[in-house]
Amino acid sequence: MTQQNQIVAADAGTDNPLLRDWSGPFGVPPFDRIEPGHFRSAFAHAFAEHEAEVAAIAADPATPNFANTIEALERSGDELTRVENVFYALSGAHTNDAILAIEREIAPLSAKHWNRIRMDEALFRRIDMLHRARDRLALSAEQKRVLERHHVKFTRAGAALDPAAKQRLAAINERLAVLDTAFSQNVLADEQSYALVLDGEQDLAGLPDFVRAAAREAADERGLAGKHVVTLSRSSVEPFLQFSARRDLREKTFRAWIARGDGGGATDNKAMIAETVALRIERARLLGYPTFAHYRLADAMAKTPEAVRSLLERMWAPARMSALADRDAMQAIVQAEGGNFELAPWDWRYYAAKLRKARCDLDEATVKPYFQLDRIIEAAFYTANRLFGLSFAPLTGIPVWHDDVRVWEVRDAAGRHRGLFFGDYFARSSKHSGAWMTSLRDQQKLTGDIRPLIVNVMNFCKAGDGEPTLLSFDDAKTLFHEFGHALHGLLSDVTYPLISGTSVLTDWVELPSQLYEHWLLRPEILRRFAVHCDTGAPIPEDLLRRLIDARTFNQGFITVEYTASALVDLDLHLQTSAEGFDITRFEQASLSRIGMPAEIVMRHRPTHFGHIFAGGYAAAYYSYMWSEVMDADAFAAFEEAGDVFDPATAKSLHDHVYSTGGLRDPAELYTAFRGRLPTADALLRKRGFSEAPA
Ligand SMILES: [Zn+2]
């Protein structure tokens, strides 16, 4: 008997809201009635139903054709998708001990389920037969693409391997699913268990009102009412590091922040990293690739590790030079202030703020009152209206997973319903760190005109009661970024679920999001939406100008901390053996080889690098920079048109990028939009780098 069957026996339920039709408004999942206890039986039921559907396709006596094989596959698993979407929305944004336990149970069961489907011999024979005949099948371009993508996914999952290799691969996948889940739960546990309590005015030295208010709110949320708390959420740590005059406390917090998953004990991730690396090497070998990176990149725009390294290294040298020059300038400030110490990683943000003040006459405390969360949300909506004709109307009475979640109905220029947008903006201890977009339902037209339910999750520090939540400029950029992903989901206009919205190659998926960030820093947007939280006055013209001029400030640091993470990720997945693998030694060796400045730490150190150990970006963290080459070049299309809302360019962007999902090869889509592929020159310019002479 499988473990799955035991779970059914243990808590089969007849009254499970996850398994009934969602008849509420817009078919939104009934979050108000869903209990963690419903998931076990819902998953078991959905796995079994999906398996039966797929078995019927594989055993169909009729000759395989697109309808009875590919389209049937696209229709299958609807219940599982629904249960998964709800579960992972909760496990990411509002988890608890019960959900964490179910997550650990479901991860290997889900891997086992997909192994059974993707390694099914009879099923793959049908897909392979259709794939060989694809040019003779009279398929639409979209159908042909969907057939090809299914074939790629099955092949890459091991469908064509011999039985012994399949069996080993299946065991590897199940174990990796367990490791992946444990990794992210350990990071969450380290974040939840940490709170730097600030006691009295001395500990608060240097902190402006908005940082104090956020620290009060964080204390409240953790049951420490009346105190001030710094958490390991980026939106909490970074402002503290930027403003706190207490060097000792900066060091303390910073060390805790970069030690997530690396603290020894039950939540340490190092042994799991070694095991993960070894299993990924073995998986790649079984599938015929020399390393995991080769395997991963074969199904990406970049295609090879060499192409990735070439881009990362091209940016690395000028970024490092720029960062080192900034370091020297900051060390001079330390000296001039009589500080008798070498700049350390926990000093960077504090002195960078002083350097920005000196160079650009700009400081966070002056800028921040102009970036109210609600106005920045409006700015993101306004931009979508100007570019794509969308409008957003707030909805109440929609079931959500937490009181802080807000919902809007999205309509197009003709007033037609396009979907719902859910915004979950505030940090809380039940939420994983970071920011992401996800969906509760994807757009598709195969089973009716199915409209998407799209979610943005962020970790902004919530203001106290009655106060407007203020964002840093980086927070505002994050909001625009995730909203760009949201539009990719909302504007999706395809027939088949497999290629809907953001179901695209990883190094293409960051284009719609990063491109969207460009509009935030436009005078057209700032004049209208950057208004003072107390007076309502628009941002003064000279401040606006200084803000825009400062856009390349500290780009050396930002690029170095990012690129170091991307290079370590690449190096890690180019390993051909994991014998005696030690992630600490590996990290040091990899960083010393590239000449990592001692004053900068990787944006994500391996022990808490969820992107690559718990999030599908393994050997693919470079994707942000790959997409940025395109977004820098793509935004230039609007600048060349002389209008950042140029209707013709916006229409082309909609038709070839935001609405197309995985309809075509990304390089073809980009070329259709821009007439050619981009080079890295626009990116070097955007970041304010000149190329290194040597
Ligand atoms: Zn993104």
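His485 and Glu510 are both buried, where buried means under 20% relative accessible area, exposed means over 50%, and partly exposed lies in between (1.4 Å probe, protein chains only). The structure is a predicted model, in which local features need pLDDT of at least 70 and side-chain atom pairs count only at pLDDT 80 or more, whereas totals for chains, interfaces and linings use all residues. Residues are numbered from 1 along each chain as its sequence is written, and side-chain values use heavy atoms, with hydrogens and water left out.

Both residues belong to a metal site. The zinc ion has as its protein donors His481 (NE2), His485 (NE2) and Glu510 (OE), which lie 2.1 Å from the ion. Donors are N, O and S atoms within 2.8 Å of the metal (3.2 Å for Na, K and Ca); water is not among the atoms, so sites may look incomplete. Along the chain, the donors of the zinc ion follow the spacing H-x3-H-x24-E. His485 in helix α19 (residues 473-490) and Glu510 in helix α20 are 25 residues apart, and this pair links distant parts of the chain. Helices here are DSSP runs (H or I, at least four residues), as are strands (E, at least two), and the numbering starts from the N terminus.

Helix α19 also holds Phe480. With a relative accessibility of 0%, Phe480 counts as buried. When residues up to four places away in sequence are not counted, Phe480 touches Ile376, Ala379, Ala380, Thr383, Ser513, Tyr516, Glu517, Trp519 and Leu520; contact means heavy atoms within 4.5 Å. Phe480 and Pro512 are 32 residues apart along the chain, and their C-alpha atoms are separated by 10 Å.

The packing of helices was examined next. Two packed helices are described by the angle between their axes and the distance between the axes. Axes are lines fitted to C-alpha atoms, for helices over the stretch in contact, and angles run from 0 to 180 degrees between N-to-C directions. Angles under 35 degrees count as roughly parallel, over 145 as roughly antiparallel, 65 to 115 as roughly perpendicular and the rest as oblique.

For helix α20 (residues 506-520) and helix α27 (residues 647-658), the axes come within 11 Å and cross at roughly 155°. The two helices are therefore roughly antiparallel. On the α20 side the contact is made by Trp508, Leu511, Pro512, Leu515, Tyr516 and Trp519, and on the α27 side by Leu653, His656, Val657 and Tyr658. These residues divide into 9 nonpolar, 1 polar and no charged. In this classification Ala, Val, Leu, Ile, Met, Phe, Trp, Tyr, Cys and Pro count as nonpolar, Asp, Glu, Lys and Arg as charged, and the others, Gly among them, as polar.

Helix α20 also packs against helix α18 (residues 373-388), with axes that come within 10 Å and cross at roughly 105°. The arrangement of α18 and α20 is therefore roughly perpendicular. Ile376, Ala380, Thr383, Ala384 and Leu387 of α18 make this contact with Tyr516, Trp519 and Leu520 of α20. By class, the contact comprises 7 nonpolar, 1 polar and no charged residues.

In a further pair, the axes of helix α23 (residues 555-572) and helix α26 (residues 623-641) come within 9 Å and cross at roughly 130°. Helices α23 and α26 are therefore oblique to each other. Thr559, Tyr562 and Thr563 in α23 meet Ser623, Tyr624 and Met625 in α26, a contact with 3 nonpolar, 3 polar and no charged residues.

Helix α3 (residues 66-75) is largely enclosed by the rest of the structure, because 7 of its 10 residues are buried. The buried residues of α3 are Phe66, Asn68, Thr69, Ile70, Glu71, Leu73 and Glu74, and they pack against α2 (38-58), α6 (121-132) and α7 (141-156).

With a disulfide defined as a pair of cysteine sulfur atoms within 2.5 Å, the count comes to 0 disulfides. Cys461 is in no disulfide, and the nearest cysteine sulfur, that of Cys533, is 16 Å away. Cys533 is partly exposed, with a relative accessible area of 22%.

Backbone geometry was considered last. Most residues other than glycine have a negative phi, and most peptide bonds are trans. Phe26, although not a glycine, has a positive phi of about 60°. Phe26 is found in the loop between α1 (3-11) and α2, and at 32% relative accessibility it counts as partly exposed. Lys303 likewise has a positive phi, near 70°, and lies in the loop between α14 (292-298) and α15 (305-336).
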